[in-house]
Amino acid sequence: MSINISATESKKVNIESDTVEYVQDTNSIFFLNNVKIASDNINISAKEAIYDSELDTISVIGFPSVITSSKKSTIFNGKAKKIIIYSNEKVHLVGNASMSFENINVTS
C-alpha cells in the first residue's frame, strides 16, 4: 500500500509498506514491513514507520534504517536504529547512527 503525506503541495512525502494501520486514539498512522519513504530530498528504507500528525513527524524504526539523498547536488547516506523526519525535512539519526556527507564520516 502507498500513501502520500504532505503539509503543503510542494512538500510531498510518499510512503509505501506492506501494511498500513490508522490508530484513532493517537491520530497516528503505522507503516509495517518493507517501508520505503521518498521525498524530493531523501529516500529511506526501514522495517516500520509511524506518522504522528500532532507532531508532524515520521519516526522510522528498524536496524538498520537507511537514508540516502535523492538530490544529485547533495550526496549523503546514513543508517541508524531510528530516524526521525520533521516537517521541514530535518532529520535526526538515533542509536548506532552513522552518516557520510561528501568526505565526512560521522558515527555516534
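Trainee: Which residues are in contact with isoleucine 37, leaving aside its neighbours within four places in sequence?

Mentor: Contact means heavy atoms within 4.5 Å. By that criterion, isoleucine 37 touches Val13, Asn14, Ile15, Ile42, Asn43, Ile44, Ala49, Ile58, Val60 and Ile85. Please note that this is a predicted model, in which local features need pLDDT of at least 70 and side-chain atom pairs count only at pLDDT 80 or more, whereas totals for chains, interfaces and linings use all residues. Residues are numbered from 1 along each chain as its sequence is written, and side-chain values use heavy atoms, with hydrogens and water left out.

Trainee: Which residues have the most contacts inside the largest nonpolar core?

Mentor: In soluble globular proteins, nonpolar side chains tend to be buried together. A nonpolar core is a set of buried Ala, Val, Leu, Ile, Met, Phe, Trp, Tyr and Cys residues joined through side-chain atoms within 4.5 Å; buried means under 20% relative accessible area, exposed over 50%, and partly exposed in between (1.4 Å probe, protein chains only). Here the largest core has 19 residues, and Ile37, Ile44, Ile58, Val60 and Ile85 have the most contacts inside it. At least two of its residues come from each of β2 (12-16), β4 (28-38), β5 (42-52), β6 (57-69) and β7 (76-86). Strands (E, at least two residues) are DSSP runs, numbered from the N terminus.

Trainee: What is the phi of asparagine 33, and where is this residue placed?

Mentor: Most residues other than glycine have a negative phi. Asparagine 33 has a positive phi of about 70 degrees; it lies in strand β4 and is partly exposed, at 36% relative accessible area.

Technical notes. Helices (H or I, at least four residues) and strands (E, at least two) are DSSP runs, numbered from the N terminus.
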